[in-house]
Amino acid sequence: MLKTDHPNLVLINFKEPDASGHANNWNAYLKGIKDTDAYAWEIWKLIKSDPFYKDNTTLFVTNDHGRHLDGVKDGFVNHGNCACEGCQHINLYAYGPDFKKNLIVKDTYYQKDVAATTAKLLDLQMPHSEGKSIDVLFKKAK
Ligand SMILES: [Zn+2]
Ligand SMILES: [Zn+2]
């Protein structure tokens, strides 16, 4: 689909490692992390090599939620409405021609800010969104 249909926007939601975490299967959980990392790497390589995507495509890799830290409730098995750092903190990898390279941002942002940043990249208006574009990522003001 990515190679043939060339969509303008794609959201891919990976089943792992969440599913194996909930199954309390540590080995499968670790495998899910490695496999999903490899899938993201394949997507990145496709973006770099496909003439349609090359030099004009943004890639965000993030998680839709965190996970309990060890010693918090049932640890890696679950997540939820929880104040632990594992549940409160997710990561975002942002790659694309509009973004600075090798920048590490430690400021606090929220998932809604990824949507606002995506809207900015696509010149879409989201008047009812409370998200703010993560402008520090951009090479120049957009
Ligand atoms: Zn879950
Ligand atoms: Zn937690």
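What is the site of the zinc ion (ligand 2), judged by the angles among its four donor atoms? It is tetrahedral, with angles of 92 to 128°. The model shown in these views is predicted.

**View 1. Four residues hold the zinc ion (ligand 2).** The donors are H68 (ND1), C82 (SG), C84 (SG) and C87 (SG). They coordinate the zinc ion (ligand 2) at 2.1 to 2.4 Å. Along the sequence, the donor residues follow the spacing H-x13-C-x1-C-x2-C. C82 has 10% relative accessibility, so C82 counts as buried. C84, at 11%, counts as buried too.

**View 2. Six residues build the largest nonpolar core.** Its members are A94, F99, L121, I134, L137 and F138. Leaving out residues up to four places away in sequence, L137 touches A94, D98, F99, K100, L103 and V105. A second, separate core has five residues, including I43, L46, Y53 and L59. In soluble globular proteins, nonpolar side chains tend to be buried together.

**View 3. Aromatic rings pair up.** The count comes to nine aromatic pairs. One of them joins F52 and Y53 edge-to-face. Their ring centres lie 5.1 Å apart, with 90° between the planes. Y53 is buried, because its relative accessible area is 6%, under the 20% cut-off. F52, at 34% relative accessibility, counts as partly exposed. Elsewhere, ring pairs link W26, Y29 and F76 into a cluster.

**View 4. Lysines lie over rings.** K112 lies over the face of Y110, 5.7 Å from the ring centre. The charged end of K120 sits over the ring of F138, at 5.6 Å from its centre. F138 also belongs to the largest nonpolar core.

Notes: Residues are numbered from 1 along each chain as its sequence is written. Chains are lettered from A and ligands numbered from 1 in the order in which they are written. This is a predicted model: local features need pLDDT of at least 70, side-chain atom pairs count only at pLDDT 80 or more; totals for chains, interfaces and linings use all residues. Side-chain values use heavy atoms; hydrogens and water are left out. Donors are N, O and S atoms within 2.8 Å of the metal (3.2 Å for Na, K and Ca); water is not among the atoms, so sites may look incomplete. Four donors count as tetrahedral if all angles lie between 85 and 135 degrees; four count as square planar and six as octahedral if opposite donors are over 155 degrees apart and all others between 65 and 115; anything else is irregular. Buried means under 20% relative accessible area, exposed over 50%, partly exposed in between (1.4 Å probe, protein chains only). A nonpolar core is a set of buried Ala, Val, Leu, Ile, Met, Phe, Trp, Tyr and Cys residues joined through side-chain atoms within 4.5 Å. Contact means heavy atoms within 4.5 Å. Rings of Phe, Tyr and Trp (its six-membered ring) pair if their centres lie within 6.5 Å; planes under 30 degrees apart count as stacked, over 60 as edge-to-face and the rest as tilted. A charge sits over a ring if NZ of Lys or CZ of Arg is within 6 Å of the ring centre and within 35 degrees of the ring normal.
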